[in-house]
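Dear colleague,

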Amino acid sequence: MSTYKVKRRDFLKITGLTGASAALAACDMPTTVTLEEGEEEVVSYLMPEEYVIPGIGVWYASTCQQCDAGCGIIGRVREGRVLKLEGNPVSPINKGALCQIGQAALQVHYNPDRLKQPKLRQEGKLIDVTWDDAFAALKSSIGPDSGLDGSRIAWLTGTVSGHQRVLMDAVSEAVGGASHYAHETLNDTVVDKVNADVYGSANVQYKIADAQSILSFGADFLSTWGSPVHNSVQYGQFRDAPRGVLIQAEPKMTVTGGSADLWLPVRPGTEGTLAMTIAAELVASHGADATKLPKAMADQLGQYSLDSSEAQTGVAASLVKQAANFLATRAPSLVIAGGTAAAHEHGYEAVTAAAMLNVLLGNVGKTIIPVADFPYPALAPKKGDTAQLAAFAKKAKAGDISVALIAGTNPAYTAPDQLDMAAALSAVKVKVAFTEFLDETSSMADIVLPLHSDMESWGTHVASYQVADPMISLQQPLMEPLYAETRSLGDTLLDVLKLYNAEQYGPFADYYAYLRNVVSAVPAVAKEGASDEAYWQAGLQQGMLKVTAPKPFPAAIATAANDDASDALVKSADTMGFVLPVYEKNKDYPLSLIPAASSRLGDGRFANLPWLQEAPDAITKIVWNSWVEMHPATALYYGFKQGDFVEVASAEGSVKAQIYLHKGINKDAVAVPMGQGHTEYGRYATGRGVNPLKMLATTSDVQTGELALCATRVTVVSTGRNEELVKMGGSESQVGRKLVGTITADQLRRV
Amino acid sequence: MHTKDINENLPWSQINKDVMRSMMNPRKAYWVAIIVCIAMISCAVAAEVYQYNVGMGPANLNWPHMWDLYIATFIFWIGMSHPGTLLSAILHIIHADWRKPIYRFAEAMTTFSLMTAGLFPVIHIGRLWNMYWVLPYYSDRGIWPNFRSPLVWDAFAISTYLTSSALFLFIGMIPDLAICRDNTTGWRRKLYTILSLGWRGDDRQWRNFRRTYLLMACFLIPLAVSVHSIVSSDFAMSVMPGWHVTTFPPYFVAGALYSGCAAIMTLFICLRYFFRLEDYMTIPILVKTAKLTFAIAMVWTYLNLIEFASIWYGHNAVDKELLIAKFTGAYSPYFWMMLFIGSVVPFTLASEKLRTHLPTMLVVSLVLNLGMWLERWMIVTPTLSQGYHPFAFDVMWPSMIQWAIVFGSFGWFGLLFLIFVKVFPCVSMYEVKEMCYHRKREAMGVGHGSHAAGGAAGAVTASKTDLEGS
Amino acid sequence: MSLENILENWSKYRKGHEEGGYHEYEHMWGMAIDLDKCTGCNACSVACYAENNLAVVGEEKFSKGQGMHWLRIERYWDEPDLGEDKVNEYQIHGASFIPMNCQHCNAATCEPVCPVAATYHTPDGLNAQVYNRCIGSRYCSNNCPYRLRYFNFFSYYEDSWPEPLQMQLNPDISVRDKGVMEKCTFCVQRIRTAKDDAARDDRRGPGAVKDGDLKTACQQSCATQAIFFGDLLDKDSAVSKVWEKHEVALGKSSQNKSNPDKRGYRVLEGLNTDPCVMFLERVREV
């Protein structure tokens with residue numbers, strides 16, 4: 001126990017004694033052993049630390065911070081160390097399950113490359129300093145005495161929510177109007193816009209479990225899109241009898257595509273055409289009512305026939321027919337669009353066309369439910385995207401940003417070269433990185449403030465995807481901080497705020513005290529009669545605070561949900577002059593690049609976690625490296641073999657990686673997974689593989705201005721080298737031996 | 001001269017002289033050979049020390065190739081141990097007296113190849129410091145080895161066979177050691193005095209000697225056959241395709257005799273050349289050995305065909321696919337090479353012209369041994385590369401660590417053998433004399449030679465007199 | 001000395017698995033995995049790494065096939081080679097995923113071949129691996145038709161958990177050194193804890209641990225609830241019901257199905273290994 005540098009008293013000082021005892025009460029989880037039970041059977045330490053019983057693991061609830069889905073987690077704590085994370089069974093989001101990335105949060109916490117010491121840039125080099133020195137530097141940059149125009153300060157973060165966002169906004173206000181840019185490479189900006197335009201709310205719930213057939217355009221909802229664990233829980237029920245049928249239309253097979261009954265290899269950028277063709281087929285063969293659609297779209301349906309679609313989308317007419325048939329006969333259906341479908345110049349139109357299928361099939365209000373915004377807008381997630389990053393870059397390059405406060409994002413890695421983040425960041429005089437690791441961005445910073453890991457800090461969060469009634473997820477420390485010279489982001493923000501407004505923030509010793517106070521301030525009606533302490537402790541035990549919505553869902557949305565051609569919908573379709581693009585061949589760059597979202601490494605932020613590096617990719621089974629996915633027919637045409645090192649070149653750049661051949665990718669596409677190619681991100685990530693994001697063209701979605709990830713055309717050139725791929729497993733097929741048995745649904749008696 | 005197995009008029013004093021000469025005064029080439037062997041062993045020792053410290057990883061062993069060259073070479077050396085028993089015990093019992101000039105070094109080969117083979121299980125296991133756990137030693141915890149495991153049978157079989165063959169070699173040498181004792185001085189004399197166990201060559205000693213020798217021979221024959229059958233059960237008792245083969249026991253025994261006979265030919269030619277033992281290791285004997293090898297090669301070929309055929313008509317898809325993979329997959333060059341060497345090359349042994357040509361025979365015998373080594377590799381590895389579970393299909397090539405240890409094992413064997421030929425008579429003097437005696441009587445029309453103890457005893461006694469008289 | 005034990009209890013020891021083995025089983029832990037629900041997401045595999053102190057070996061060793069993944073998700077293509085027509089040129093039925101962990105065969109082929117009896121069947125019906133006893137002959141892995149045993153080719157601990165990653169290691173189980181075989185244990189440490197808890201409640205002996213008292217790490221993490229785990233001797237356990245519903249029984253080398261919708265099967269059960277893990281076939285609409 002005493003091997004940690006931070007002693008128990010420091011821990012208590014940070015978390016607050018109340019917090020610790022509350023956390024103790026939180027151990028009363030269904031799967032826990034309580035202290036009372038354990039007490040009789042253990043030999044205590046000579047000098048026992050309170051609440052630690054040797055040999056007894058206690059589970060504490062918290063919230064996963066690996067992505068913004070906000071899954072509830074429980075962490076097993078034994079002898080003061082957190083050992084394992086599991087899903088919180090009472091969380092409505094993940095119902096006890098947890099994805100591989102969430103479980104690997106432990107390796108963020110225990111990562112050998114975590115920053116232990118603040119750093120300041122002196123004479124071009126980052127030098128280790130004490131926290132006090134680093135904070136003093138921060139103070140002189142953005143403190144009241146800095147004399148800086150507040151509007152020259154900018155936040156550059158990932159998606160933030162909860163009181164972290166509240167405090168960031170408070171800092172912005174205190175310094176005098178700092179701007180806030182949130183950047184996420186994998187985002188739903190386009191989908192949110194379509195949802196707002198079509199369904200009347202950017203927040204919709206996809207009732208996967210209730211559907212009998214699902215058609216997903218590019219949305220890898222089981223792995224990288226939306227709330228994957230929640231969707232997977234629902235998917236499990238979806239496959240229960242009566243078994244739902246899943247159709248996935250995407251250019252490169254994702255985890256979700258791998259589970260599809262029918263996988264449609266749509267040519268990149270023609271998802272909208274495919275959606276319209278299915279709509280036309282539904283109207284023509286299955287009696288769907290075209291008048292449900294806005295006129296501008298209904299009029300166009302005639303242009304989409306199965307045959308012309310096949311030439312455009314590359315999907316065989318018979319498969320489209322089958323898909324339409326499933327949707328028509330297996331009601332209720334659900335059409336989801338996102339991910340690669342939205343990542344094109346006309347992604348908005350493609351997603352809209354898919355949304356129209358929901359309208360046509362009458363799913364709105366049944367399997368797709370628009371919901372109100374989070375009742376406390378100050379806590380609601382500020383969702384990131386690349387459009388905001390581009391705006392930041394533009395402003396920075398214009399010399400209008402003096403201080404950038406960077407947290408939870410790594411634009412120097414994720415931004416395409418065309419955005420020239422290096423120039424943008426170097427135009428910023430003082431870059432402050434709040435981070436746990438030295439990555440591409442923080443290594444460019446002038447002040448590096450090492451943060452507590454998520455296992456060490458308090459927090460509140462609001463999930464980007466609302467699965468049920470609104471709630472605030474609670475994050476509590478699962479163990480003492482490993483390092484003395486790290487602080488939580490909340491504490492640091494409070495410290496900054498105290499510089500400006502000692503009266504308001506002074507009473508809060510730390511972020512914990514602040515949060516505790518905030519919860520106390522929750523109106524009694526929301527606590528449903530519970531005392532303040534009971535409400536707080538229940539929150540800690542469950543890892544979430546239920547908040548009662550102050551207002552019901554707007555009546556307008558409720559109506560829109562059932563009214564097939566809502567006003568908003570008609571307006572949107574008509575005003576934008578709904579036009580779908582025609583697939584154009586490009587002689588110099590014949591193939592479309594899919595920078596594939598990785599189910600293991602996300603957009604690259606998990607590349608420093610060894611479990612995830614060694615976890616094989618679901619589709620290719622490749623580990624530790626990058627690869628280029630290609631259709632065997634394409635490879636045959638260009639003369640490539642499995643394992644060939646090729647150069648994938650766009651007009652903007654190129655990457656070199658080995659080829660993996662499979663038939664789960666459109667012939668006109670190549671896919672390079674995101675996540676690798678770090679130049680600075682610790683021992684597990686640095687110098688490994690390639691980063692396809694760098695070579696992207698800065699084509700944007702016309703309607704939203706969001707970067708179109710899949711709009712880059714590339715050519716593939718051999719380098720003449722061939723090596724065996726580093727992957728798990730030998731044979732690609734079962735060679736006739738029954739390992740995975742498959743039966744057709746006809747054989748499956750429907751109950 | 002080329003028609004007789006041995007010149008029966010060879011004076012017995014000459015026999016003693018020739019053989020004793022081969023044991024004395026090593027020449028430069030001998031020391032070079034010793035140094036080469038030690039260098040080879042050093043490679044292996046270095047590799048093994050590294051492997052001991054780091055683990056089995058650097059050997060390129062992997063999932064699913066848990067076994068590889070170590071086990072293949074283990075079987076190879078076990079196989080090498082068989083013809084010594086064949087020559088000394090089986091041919092002894094069936095009264096094929098042409099074996100007499102060459103059985104001693106064959107027997108030594110048996111013992112030394114077992115001593116080499118025995119190293120491999122130790123080298124190959126992950127925690128060799130716990131090797132003794134496979135033996136049923138007394139343990140207070142009451143822990144026994146698993147008697148159902150073929151590896152435990154191996155441990156019993158090999159240790160028994162090693163003990164027995166060493167004893168057999170030693171017992172068969174006693175009369176010769178007495179001759180050595182009587183004709184040497186210094187440390188040799190002391191050594192031979194102890195080892196000859198007070199041999200005086202009287203009738204009682206000869207009678208007991210004969211009985212013991214015959215008994216050991218009878219004991220050794222089933223043992224030799226069972227040892228390789230048991231080694232084959234390492235594979236035959238498993239469930240894996242390509243291993244779970246009913247014909248494996250005879251197949252292994254045939255392969256063992258095959259490689260061993262080829263090795264005998266190699267050593268035959270070397271000894272004959274280096275020690276100028278042309279009078280003893282005669283061409284007719286080589287021809288007989290070659291014929292024997294050829295016969296065994298055909299048995300081996302037949303057993304191969306049986307295996308292929310039964311896999312084919314047995315119609316077990318897994319076995320069949322493995323066989324096809326052997327013929328066409330990554331290992332196919334080696335598999336074809338093995339079939340070519342094992343079944344086609346031996347036809348050189350059928351040619352009278354070729355089999356009397358010593359350099360050719362040397363090359364052929366070495367090639368045959370290479371083929372037999374490939375056979376063992378092709379038994380062990382392709383099955384691991386392509387078993388039941390397609391996800392575990394893989395191809396793996398051994399690393400330098402494995403090669404170094406395999407290479408070094410030849411040095412180890414060579415060193416033991418080199419020491420043997422300078423310390424012990426590599427030709428059985430008393431049996432050669434017996435052979436000459438019987439051949440002479442045959443030539444004189446006295447009748448077929450008797451193996452009665454008295455006759456032989458007389459022969460050796462006579463030899464002593466002969467020697468003294470010269 | 002156990003020789004007497006063997007002699008006295010010979011009849012008990014000589015019994016084959018078809019007679020229920022030589023144990024008076026207290027439990028028979030078994031699993032059922034619904035391949036129609038498995039999405040191949042790999043959460044179970046990472047959960048296994050976290051729970052069982054599995055070494056991360058790095059790219060070079062992984063490329064040599066020296067990785068340690070007790071639970072691996074296998075992915076097969078229906079037809080990896082180029083198809084001839086427009087439909088078959090793509091994998092229109094998605095991929096086939098199957099999580100493979102130790103099948104805990106009742107007639108395990110790995111058990112009889114171990115020279116030192118380091119792998120044996122426990123009275124819980126587990127195929128146990130005793131690390132301390134293992135000498136690393138690796139015969140068990142060779143004789144496992146599923147290739148589910150992994151060998152410590154190196155002292156992986158030396159560089160798998162650089163400071164402070166080693167603090168995550170589960171203290172309930174050991175970290176293995178070079179030279180020993182390891183494999184899925186059905187989270188035996190969780191079973192032990194559940195048994196201890198049951199004993200505390202005065203439940204002992206056969207059937208002491210009730211259904212739901214424990215979940216394996218993989219089962220716990222599975223979002224689609226594709227993994228069932230429990231006591232096959234307890235007829236009321238969820239896993240027994242799945243086995244029963246899909247007409248899979250222990251002690252057989254082939255199952256007679258009343259109807260093709262009984263999706264249960266065991267991998268390579270024709271080899272008469274009698275695995276305790278059964279799978280439910282993947283379903284495809286077309």
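How many helices and how many strands does chain C have? Chain C has ten helices and eleven strands, where helices (H or I, at least four residues) and strands (E, at least two) are DSSP runs, numbered from the N terminus.

Before going on, please keep in mind that this is a predicted model, in which local features need pLDDT of at least 70 and side-chain atom pairs count only at pLDDT 80 or more, while totals for chains, interfaces and linings use all residues. Residues are numbered from 1 along each chain as its sequence is written, and chains are lettered from A and ligands numbered from 1 in the order in which they are written.

To stay with chain C, its C-alpha atoms fill a box of roughly 70 × 55 × 35 Å along the principal axes. Its radius of gyration, taken over C-alpha atoms, is 20 Å, which agrees with the value near 19 Å that a compact globule of 286 residues would have; the globule rule used here is 2.2 Å times the number of residues to the power 0.38. Of the 286 residues of chain C, 58% count as buried, and a residue is buried if 20 or more other C-beta atoms, placed from the backbone, lie within 10 Å of its own, exposed if 12 or fewer, and partly exposed in between.

Strand 8 of chain C (residues 227-231) is a covered element, with five of its five residues buried. Strand 8 of chain C pairs with strand 1 of chain C (residues 29-34) in the antiparallel sense over five bridges, two strands being paired if DSSP finds at least two bridges between them. Within this pair, C:Phe228 of strand 8 stands opposite C:Ala32.

Turning to how the chains meet, 67 residues of chain C are in contact with 75 residues of chain A, where contact requires that the C-beta atoms of two residues, placed from the backbone, lie within 7 Å. On the chain C side, helix 3 gives the most, with seven residues, and by class this side has 33 nonpolar, 17 polar and 17 charged residues. Here Ala, Val, Leu, Ile, Met, Phe, Trp, Tyr, Cys and Pro count as nonpolar, Asp, Glu, Lys and Arg as charged, and the others, Gly among them, as polar. Strand 26 of chain A (residues 742-744) also runs parallel to strand 11 of chain C and is joined to it by three bridges, with C:Arg282 as the bridge partner of A:Thr742.

Between chain A and chain B, nine residues of chain A are in contact with eight residues of chain B, and the chain A side divides into two nonpolar, six polar and one charged.

Chain B itself has 18 helices and zero strands. Its radius of gyration is 23 Å, close to the 23 Å that the globule rule gives for 470 residues, so chain B is as compact as a globular protein of that length. Of these 470 residues, 49% count as buried, and the C-alpha trace of chain B spans about 80 × 55 × 40 Å along its principal axes.

With best wishes
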